[in-house]
Amino acid sequence: MPVHDDPDDIDVHAPASTYYTSGKNARQRTRTYTKSRLEVSSTNKDLPPYRRASHDDKNKARKFLIDVEETQRVILEQEDTDGDYQITINDLGPKTFQLGTADSGGYRKIDIRGTYMLSNLLQELALAHDYGRKHIVLDEARLNENPVDRLSRMIRHHFWDGLTRRIDADSIEVICSDPKNRTANHNPRIYIPYSETEVYEYYRSVSEKRSHLNLEVVYLPKDITPGYVKSINDRPGLLTLAMQRQVDANGNVSWHGVPFAVPGGRFNEMYGWDSYFVALGLLADGRLELAQGMVENFAYEIKHYGKILNANRSYYLTRSQPPFLTDMAFRVYERMSIHNEEENKKWLREVLKSAIKEYHEVWMTEPRLDKKTGLSRYRPDGQGIPPETEASHFDHIIEPYAKKHGVSIEAFDALYNDGKIIEPELDEYFLHDRAVRESGHDTTYRFDKVCANLATIDLNTLLYKYEIDIADLISNVLDGELTDFNGEKQVASVWIERAKRRQRQIDKYLWNEEKSLYFDYNTVTEKQETYETVTAFWAMWAGCASEHQARRMAKNSLSKFEVLGGLVSGTEESRGNISIDRPNRQWDFPFGWAPHQIMAWEGFERYGMKDIARRLAYRWLYTITKSFVDFNGVVPEKFDVVGLSHKVEVEYGNVGVDFKFVPREGFGWMNSSFQLGLGYLNTQMRRALGTCTVPDLLFEKAMAREHAARTPEEELEWMERRRSSVISARNFTRNGSVSAAITRIGPASGADSTSTSPLASPLGSPLGSPRNLVPPSTANSGHLTPPSFV
């Protein structure tokens with residue numbers, strides 16, 4: 001990294017890799033401006049006795065001179081009262097800390113006040129330490145930066161890098177690590193597809209050269225059966241992904257893994273539908289190469305493992321996840337250089353071949369296809385108990401069967417997995433459990449003991465999108481030229497007819513005109529389910545809802561899901577009562593998830609309801625920003641969007657919250673939702689977000705108009721539902737309600753530039769998807785200087 005000639009010619013909001021290695025921070029010892037007694041007396045002997053004083057120029061931006069390790073030690077000792085290496089509103093310290101100014105050589109002290117600035121200081125100290133700094137000159141602007149700008153910057157410059165992985169010799173030790181591995185053998189292990197001979201030899205060589213790793217390299221069989229997958233559950237390992245073969249000038253061959261991003265936390269592999277939403281964020285931040293690599297890895301999975309995997313671990317070999325490949329591939333294609341158009345089209349055709357293979361062989365084949373309705377289901381093959389869960393996850397299910405056979409739960413697990421005990425009811429339970437995991441919504445009472453029988457609204461709208469996408473790409477992008485892997489020419493009209501047929505079946509089996517909502521359809525009982533799910537709005541994202549259906553959902557159903565902090569996964573009524581024996585599930589009320597928000601935003605925008613899309617985006621971004629401000633920069637996997645908390649008491653807890661000093665990754669699709677959501681906000685909304693203005697205050701007039709349009713009965717129902725929802729959420733989540741030293745950011749905030757929605761003009765593309773995805777505005781003209789705190 002080059003050192004700038006002018007130490008002040010550094011963007012105060014530059015990435016840590018630049019800020020802490022350039023300018024004044026390029027040197028270990030920083031010059032101060034304090035004159036010595038000798039210098040003063042030699043220039044004018046008539047002056048009064050010298051008194052050390054501040055040389056701060058009040059017209060200059062303030063900077064602090066900091067001893068990194070000592071300041072970190074003292075601030076933790078003083079402010080981190082709960083000992084979690086974070087400074088949050090739950091800590092009970094004085095919430096004020098003194099720093100010496102750089103221009104006074106550290107002599108003049110300035111108070112740093114409030115949770116937000118103190119936690120930012122702790123984070124900056126950790127980042128400086130990463131780059132070996134013992135002393136730094138720190139701009140005050142990095143401490144009181146508008147939180148919207150700071151979070152967006154951290155995602156762009158830090159979090160994506162923290163989530164990036166590849167599988168090759170240089171990274172095998174890191175990527176093989178699997179916190180979900182409960183077996184006794186934790187040696188790294190990698191499974192190689194049957195036909196990948198060169199890749200197998202490459203990893204054999206890696207294993208021999210790095211014998212200290214104890215890397216096991218295993219060939220997969222040509223036919224991967226559920227029985228085989230179960231047989232290797234005691235030897236879990238990584239599944240290799242796409243690699244690039246390179247030959248240097250001397251003819252030496254080297255292999256490099258195609259990069260991808262992981263969700264974060266304990267999810268240290270490439271996941272299915274997570275990757276789609278991560279790719280949207282990557283594209284918004286200009287990370288085209290990484291998003292393209294993820295598409296290529298998906299194509300590799302389909303070619304060698306038969307499907308887009310739940311994730312690339314051996315125990316996921318029988319399960320897929322919600323399919324997004326056609327839309328994902330086209331969004332990447334749109335951003336490729338126009339100077340390589342023929343190469344780009346060739347790339348797109350190859351990816352679509354994989355998508356067509358997946359469509360026919362995974363989703364349009366039994367057991368996932370229900371032939372009577374023509375609709376598809378999450379219904380994966382598999383045997384035994386899913387091994388990736390916590391050790392006690394299924395104890396309450398297994399216990400009655402263990403008692404029946406007179407053995408311990410652990411002994412029963414082994415006997416059942418080995419096929420020595422046959423229990424058809426348990427087989428049925430795990431069939432549905434695997435289906436829930438394939439759906440990506442693990443777990444929810446929506447799918448409890450029934451998932452494999454359901455033609456869901458989310459899956460079938462995604463497959464409708466596949467059919468429309470392929471047809472549109474053939475006609476409008478690929479010059480009518482596309483074949484499958486068998487060389488069969490693909491015809492747009494055939495794919496259009498498939499889409500029309502699916503749309504008719506969705507309307508017949510899943511749409512409920514009386515309730516103004518789509519519902520899942522049980523192909524066994526041949527009845528609609530009653531669970532109200534926010535994935536009903538995916539029909540708008542895919543474009544398979546009629547204008548009439550979209551308007552009815554907006555008018556009559558949106559209010560069931562819209563709460564203070566965004567959209568809940570399902571309604572409280574659908575979830576049912578919660579008790580010790582019937583605990584909360586993470587994909588139910590009151591929890592909100594990034595993919596549901598993103599899909600709804602684009603869906604409402606697609607049907608011309610931009611005000612709703614903006615409002616929903618603001619609610620969600622408010623939830624993220626408020627947590628970021630109050631809890632040391634945390635960006636978690638999910639939120640309680642009613643209680644506005646990331647501290648949830650639910651199965652699996654929350655991912656992305658356990659870090660020391662500074663968040664390194666955020667969480668994949670949460671990062672994306674923030675970057676994408678900023679594009680929906682106008683200037684006023686972005687300013688309001690920077691000051692953490694409560695959504696209901698911002699939308700007070702709009703909400704008043706909506707209330708006025710309701711009948712007295714509808715208004716009473718809405719108020720009762722809202723009240724009940726808040727009470728319920730607070731009963732089952734810890735919402736961080738400690739009021740001591742809560743940061744309140746002052747009104748002088750927000751970037752003044754107007755952002756263009758990264759999902760703008762969705763109908764401008766042949767797919768009805770965005771054509772002009774651009775990074776959100778990062779103008780720094782409106783930083784908080786300083787914010788007010790209480």
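Helices here are DSSP runs of H or I with at least four residues, numbered from the N terminus. In those terms, R319 lies in the loop between α10 (288–305) and α11 (325–334). The model is predicted.

## Residue R319

R319 has a relative accessibility of 3% and therefore counts as buried, the cut-off being under 20%. The side chain of R319 forms a polar contact of 2.7 Å with the side chain of E388.

## Helix α23

Helix α23 spans residues 668–678, and eleven of its eleven residues are buried, so the helix is largely enclosed by the rest of the structure. Among these buried residues are W669, M670, F674, L676 and L678, as well as N671, S672, S673 and Q675.

What do the buried residues of α23 pack against? The partners are the helices α5 (147–163), α9 (272–284), α21 (594–606), α22 (610–630) and α24 (683–690), along with the strand β22 (639–640).

## Cavities

Three cavities of 30 Å³ or more are present in the structure. The largest cavity holds about 340 Å³ of space. It is lined by 24 residues, and R266, F267, Y271, D442 and E637 are the closest to its centre. By class, the lining of the largest cavity consists of ten nonpolar, five polar and nine charged residues.

The second largest cavity holds about 100 Å³. Its lining has 14 residues, of which N233, Y315, T318, Q383 and R434 are the closest to the centre. Helix α8 (residues 226–231) gives the most to this lining, with three residues. The lining of the second largest cavity divides into six nonpolar, five polar and three charged residues.

## Largest pocket

The volume of the largest pocket is about 1100 Å³. A total of 38 residues line the largest pocket, and those nearest its centre are A554, L558, R615, E706 and R710. Two or more lining residues come from each of α19 (547–561), α22, α24, α26 (700–709) and α27 (712–732). Helix α19 supplies the largest share, eight residues.

How many lining residues of the largest pocket are nonpolar, polar and charged? The counts are eleven nonpolar, seven polar and 20 charged. Two elements of this lining, α22 and α24, are also among those that the buried residues of α23 pack against.

Conventions
Residues are numbered from 1 along each chain as its sequence is written. This is a predicted model: local features need pLDDT of at least 70, side-chain atom pairs count only at pLDDT 80 or more; totals for chains, interfaces and linings use all residues. Side-chain values use heavy atoms; hydrogens and water are left out. Buried means under 20% relative accessible area, exposed over 50%, partly exposed in between (1.4 Å probe, protein chains only). Contact means heavy atoms within 4.5 Å. On a 1 Å grid over the protein atoms alone, a cavity is a set of points where a 1.4 Å probe fits but cannot get out, and a pocket is an open set with protein on both sides within 12 Å along at least five of seven lines; lining residues have an atom within 4 Å of a point. Grid points are joined across faces, edges and corners, and a volume is the space filled by probe spheres set on the points. Ala, Val, Leu, Ile, Met, Phe, Trp, Tyr, Cys and Pro count as nonpolar, Asp, Glu, Lys and Arg as charged, and the others, Gly among them, as polar. A polar contact is a pair of N or O atoms within 3.5 Å; within protein, one must be able to donate a hydrogen and the other to accept it, and residues adjacent in sequence count only if both atoms are side-chain atoms.
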